[in-house]
Number of protein chains: 2
Amino acid sequence: MEEAVSPASVPEAAPDDGAGLEAARKEYAELRAQGLSLDLTRGKPSPEQLDLSNDLHSLPAAGDLRAADGTDTRNYGGLLGLAELREIFAPLLQVPANRLLALGNASLTLMHDAVVQALLSAPPGGGRRWADEERVRFVCPSPGYDRHFGICERYGIEMISVPLTGQGPDMDAVEELVASDPTVKGMWCVPKYANPTGEVYSDETVRRLAAMPTAAPDFRLFWDNAYAVHHLTGEPAELLPVLDACEEAGNPDRALVFGSTSKITAAGSGVAFVGASAANVAWLKERLLKQTIGPDKVNQLRHVRFFGGTDGVLAHMERHRAVLAPRFAAVQEVLEEELGGLGIAEWTRPAGGYFVSLSVPDGCASEVVRLAKEAGIALTPAGAAFPYGKDPRDREIRLAPSYPSVDEVREAMRAVAVCVRLAAAEQRAAAAAG
Amino acid sequence: MEEAVSPASVPEAAPDDGAGLEAARKEYAELRAQGLSLDLTRGKPSPEQLDLSNDLHSLPAAGDLRAADGTDTRNYGGLLGLAELREIFAPLLQVPANRLLALGNASLTLMHDAVVQALLSAPPGGGRRWADEERVRFVCPSPGYDRHFGICERYGIEMISVPLTGQGPDMDAVEELVASDPTVKGMWCVPKYANPTGEVYSDETVRRLAAMPTAAPDFRLFWDNAYAVHHLTGEPAELLPVLDACEEAGNPDRALVFGSTSKITAAGSGVAFVGASAANVAWLKERLLKQTIGPDKVNQLRHVRFFGGTDGVLAHMERHRAVLAPRFAAVQEVLEEELGGLGIAEWTRPAGGYFVSLSVPDGCASEVVRLAKEAGIALTPAGAAFPYGKDPRDREIRLAPSYPSVDEVREAMRAVAVCVRLAAAEQRAAAAAG
């Protein structure tokens, strides 16, 4: 597969002559008649992937319940997580082990809780808690991860969309925003195999994010490295370590790095991590000391025993790739066959992660999703990957091919292509009639 | 063992004649010479207790990863926890299963997060989020659980101490406080085998808490039923179900009920629960939907398989009792032998839970803890069980005998008694001299 690219503008199609619309309607009617029932809504691991970690759940063996330092993992304590698990994931998340905390079962929780903590107690460098600010705003590269945006919406944090470029966010736009507006306190980033565009932030993007002047002294990058090791090709993308870049730029406290094993071992029964500067770790600890006596250390030991070491994680991810890559290849093949050269769709070619982003003519995405739904294909709602659930151009559709089988992916993609062709033809016809 | 009693006032001792002080100093010098190293600081399960659940950790068996409704526990979803685990604990926590959520690994986290949620979004019945109130105050029956008070302190919630009576808090004082002051938004309660006094709230106490008029429309009881099934005798105490009492009194949204298996299976690797009215559950869900995609369902299934049912939990608690009861009996025996009838100490006789509360003459608790420390006996810091870490009379000492062996408990209690006798003798001598 090629490097991830951001969807280019879809060229304006030629006006319809009527015959195309008829044909598109006919093939959609045939599609509906098939009575399909397929779901491409969420980036869930497939049962085949989950099976790869089945041995995990019955670890550790009886009598093997002590951590390397002698800690009884069955009892209270160990606020920051097992040292040996932090060692295993430190190089993968590009955070020194002593500043990488191994905590609960979901990085989403750690991100939510970090935002909530900033609302209730000022982060290092900040003057007051964000709850006392008249206005708090976050930069949101879009399309992005809907659950990031959901946290903002829940707590009244205003979201400012910034477009993606295929190398990460449009840095000119980001730099201007954060430099001029002290209410801009944070920014969501999925820097590697981004959800949903698949792009990897370039070294220049990371350096500019680390170095850019910000009007808010307590501005934070929420660096969700969810797909750090989730490669789809034999040539893993390299990401510049953001904490190092921030430190070199003189902004050591700028980034909070998040990750988890949700899509490595089991979704919901894995381990989540947060890494940061010493000052940020101390700030996080202030909350953790009141919120918990410690994470599930038995589950952490379970993961240590399962992986053995960092290499074990990488070998495990190769097994995931063997399951996932054919599904992503099927998406590319069918979309190319069905929509290639028609001038009505573009799509990303991710080298990792869980999604393909499909761009249809402006104003057509909702209609494609509606048509697909009526034909039995569940797609992520149009706009879901944008702040407030609104895609200003109504053109991006997130495809999540991980869960269905390869055959189902093919079938679903063919169905989606039918819907795209019909929606585009209807639009052309309406334009010709108007 | 008898019913739990609250420490009575310690009678004033007769003035010292000098000989008593000499003897006390001598025996303390002998104690120090022994070079003991014992820890009675925290209510941790002993290794013997943790061993009772060793089979838990390697469950569920391979191929047994589906919940009763077919849910694949290895994947995302199931925000409120596995139905069958909620069914098992519903009768024990006195909450209907459909309003009892099975979530993360610690009830402390659920309590912390509920307080934080109220700070950031008004609970049902409330006009605005607590963070926008000029002042928020909580009623804190004292001595109580230090980590409850830690949450208040962290978020600037003022604590108002209320004494305990042996049947729960002094309800006349509580009723007056909550009726007159709209800034009183909450109250911490450990209603059964309270930490540290061991008392069980009487039916009348529960009814009055449920029915009392409150000036704050969004007043909440944080009902930490941490020791719901942690009996030390063959006659378990009965607690009036608080949610029912609140509903009967016309205040259905008043209580949030918390519990966990931390002291049932493993501390940190268990499952925590929160139960409440439908309106409160809907309010909690508003946060959970943004904070998590779901709890660790494999661990929940592990617990289902381990217990089998509610009876399995009760049978398991009998095994805990067999380990714990001799330790608590040792505390009673040694304190009675060493301090009985001296008029310098009283202590509780809990019928459940994890603590004994020792009352020494006013002004002596810190000195006893200091003397014990220097003799190698770590005790919970004096005052720790009070808001802001300050016991106004400096007289309560929390004893946690669960972790050491029975012999160590005996040894530690004898040592504590030496320290109490010396501190009391020093005080008498000083009074005589003054």
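In chain A of this predicted model, the residue closest to the rotation axis is A:Ser58, whose C-alpha lies at 2.0 Å. Two copies of a chain are related by a rotation about an axis and a shift along it. Here the rotation is 180 degrees and the shift is 0.0 Å. Chain A then lies on chain B with an RMSD of 0.0 Å. This relation is therefore that of a two-fold axis. Both copies use the same surface, and 100% of the contact residues of chain A recur in chain B.

Chain A itself is assigned two parts. Domain 1 covers 19-49 + 314-433, and domain 2 covers 68-308. Their C-alpha centres are 30 Å apart. Contacts join 27 residues of domain 1 of chain A to 32 residues of domain 2 of chain A. The size of an interface is often given as the accessible area lost when the parts come together. Between these two domains of chain A, about 2,500 Å² is buried, with 64% of it on carbon and sulfur atoms. On the domain 1 side, the most area is lost by A:Met317, A:Pro387 and A:Tyr388, which together give 23% of what that side buries.

Methods. Residues numbered from 1 in each chain as written. Chains lettered and ligands numbered in written order. Predicted model: local features only at pLDDT ≥ 70, side-chain atom pairs only at ≥ 80, totals over all residues. Heavy atoms only, no water. Least-squares fit on C-alpha atoms with pLDDT ≥ 70 in both. Contact = heavy atoms within 4.5 Å. Domains from an automatic or database assignment. Buried area = accessible area lost by both parts, 1.4 Å probe.
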